[in-house]
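Open the structure and keep the sequence beside it. The paragraphs below go through the sheets, the helices, the cores and the domains in turn.

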Amino acid sequence: MRPAMNADQARTILELEGIHLSFGRKEILRGVDLKVREGEVVVLIGASGSGKTSLLRCINLLNTPRSGRIAINSEPIFEAGPTDNGISKVAPTEVNRIRAKTGMVFQQFNLFPHMTILENIMEGPVIVKRETPSEVETRARALLDQMGLADHASKKPAQLSGGQQQRVAIARALAMRPTLMLFDEPTSALDPELVGEVLKAMVELARSGMTMVVVTHELGFAFEIANRIVFLDGGVVVADGSPQQLLLHPDHPRLKGFVNRFHETADMLRPFLEAK
């Protein structure tokens, strides 16, 4: 379990205020507020349909809220009032510039199948940021080495296991030098025996000081990696606190029911639960 961040020692990297999101007539998020500080790892948990993935996808505007405000590094990327119908006051050029400060890893790896692993990692910095290919290649190879994949640079994605592909996806996101990393259930598409290698890579990333927002059902992993856990239910934040507070001593009825369902499979929690 990682220690809670001292609010006075770190600047705010991400701020969400009053986020409302609807799909048609269905309201998904109902006024969510969230702050994430530099170097903090915040894990979003909740039952299917609680709004956690929808919230994560609002951060870089893969989902466009109906209203609210989102700022990254104190720069607004979205700002719309209740009567603006989701039309943001922020110019599209500014949105693209600020959005480039985020990296995202999806459930599916989304690698380009016709490119080598090295080319996949280099694509964003070279094409989007117009960086010098030789400099990007040096950085990409260092990231592959960091992910334990240095020997696979010339392979195509289909030649790698699911766990290896997801680590490539992490390296690809890091190649863009993001301020904030977003993870949407990065292990849910993997066979159980491959989950550990991806979680290990994420733990190492967290230890390096990367600011992260993670959606996961792996509660044992959440307990180890998170500074804070945020529990969503019905499109609102129901609980926000330390892993020990929320996972070992849940006091909200909905949170207690959710956590209890996962205790049997969250192996890492068992010693702590038995010591209660």
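Across which strands does α6 lie, and at what angle does α6 run to β8? Helix α6 lies across β3 (41-45), β7 and β8 (211-215). Its direction makes about 145° with β8. Keep in mind throughout that this is a predicted model.

Those strands belong to an open sheet. Six strands make it up, in the order β6-β7-β8-β3-β9-β10, and the pairing is mixed. The edges are β6 (102-105) and β10 (236-241). Each has a single partner strand, so one side of each is left without a neighbour in the sheet. On average, neighbouring strands here are turned by 20° against each other, direction ignored.

Strand β6 runs parallel to β7 (residues 180-184), and 4 bridges join the two.

Now look at the nonpolar side chains. The largest nonpolar core has 55 residues. V43, I45, I170, M181, F183, M202 and M212 touch the most other members. Helix α6 (residues 192-207) supplies the largest share, 9 residues. Neighbours within four places in sequence aside, F183 is in contact with L56, V105, I170, M202, L205, M212, V213, V214 and V215. A second, separate core has 32 residues, among them I77, V90, I98 and L232.

The domains come next. The domain assignment gives domain 1 as 12-101 + 178-274 and domain 2 as 114-177. Their C-alpha centres lie 25 Å apart. At the contact, 14 residues of domain 1 meet 13 residues of domain 2.

Turn to the other open sheet. It has 4 strands in the order β2-β1-β4-β5, with antiparallel pairing. Strands β2 and β5 (75-80) are the edges, and each pairs on one side only. Neighbouring strands of this sheet are turned by 10° against each other on average, direction ignored.

Follow the pairing strand by strand. Strand β1 (residues 12-23) and strand β2 (residues 26-37) run antiparallel and are joined by 9 bridges. L21 has L29 in β2 as its bridge partner. The two strands form a hairpin with 2 residues between them. In that turn, G24 has a positive phi of about 65°. Strand β1 also pairs with β4 (residues 67-72), again in the antiparallel sense, over 5 bridges. There, L14 stands opposite I72 in β4.

Two helices lie across strands of this sheet. Helix α1 (residues 52-59) lies across β1, β2, β4 and β5, running at about 120° to β1. Helix α2 (residues 92-99) lies across β4 and β5, at about 130° to β5.

Why is α1 described as largely enclosed by the rest of the structure? Of its 8 residues, 6 are buried, so the helix is largely enclosed. The buried residues of α1 are K52, S54, L55, L56, C58 and I59. L56 is also one of the contacts of F183. Just after α1, L61 takes a positive phi of about 65°.

Finish with the aromatic rings. How many aromatic pairs does the structure hold? There is 1. F231 and F258 form the pair, which is tilted. The centres are 5.5 Å apart, with 40° between the planes. The pair links distant parts of the chain. F231 sits in strand β9 (residues 228-233) and F258 in helix α9 (residues 253-262), 27 residues apart.

Terms used
Residues numbered from 1 in each chain as written. Predicted model: local features only at pLDDT ≥ 70, side-chain atom pairs only at ≥ 80, totals over all residues. Heavy atoms only, no water. Core = buried A, V, L, I, M, F, W, Y, C linked by side-chain atoms within 4.5 Å. Buried < 20%, exposed > 50% of the residue type's maximum accessible area, 1.4 Å probe, protein only. Contact = heavy atoms within 4.5 Å. Pairing = 2+ DSSP bridges. Axes fitted to C-alpha atoms, helices over the stretch in contact; angles between N-to-C directions. Phe/Tyr/Trp six-rings, centres within 6.5 Å; stacked < 30°, edge-to-face > 60°. Domains from an automatic or database assignment.
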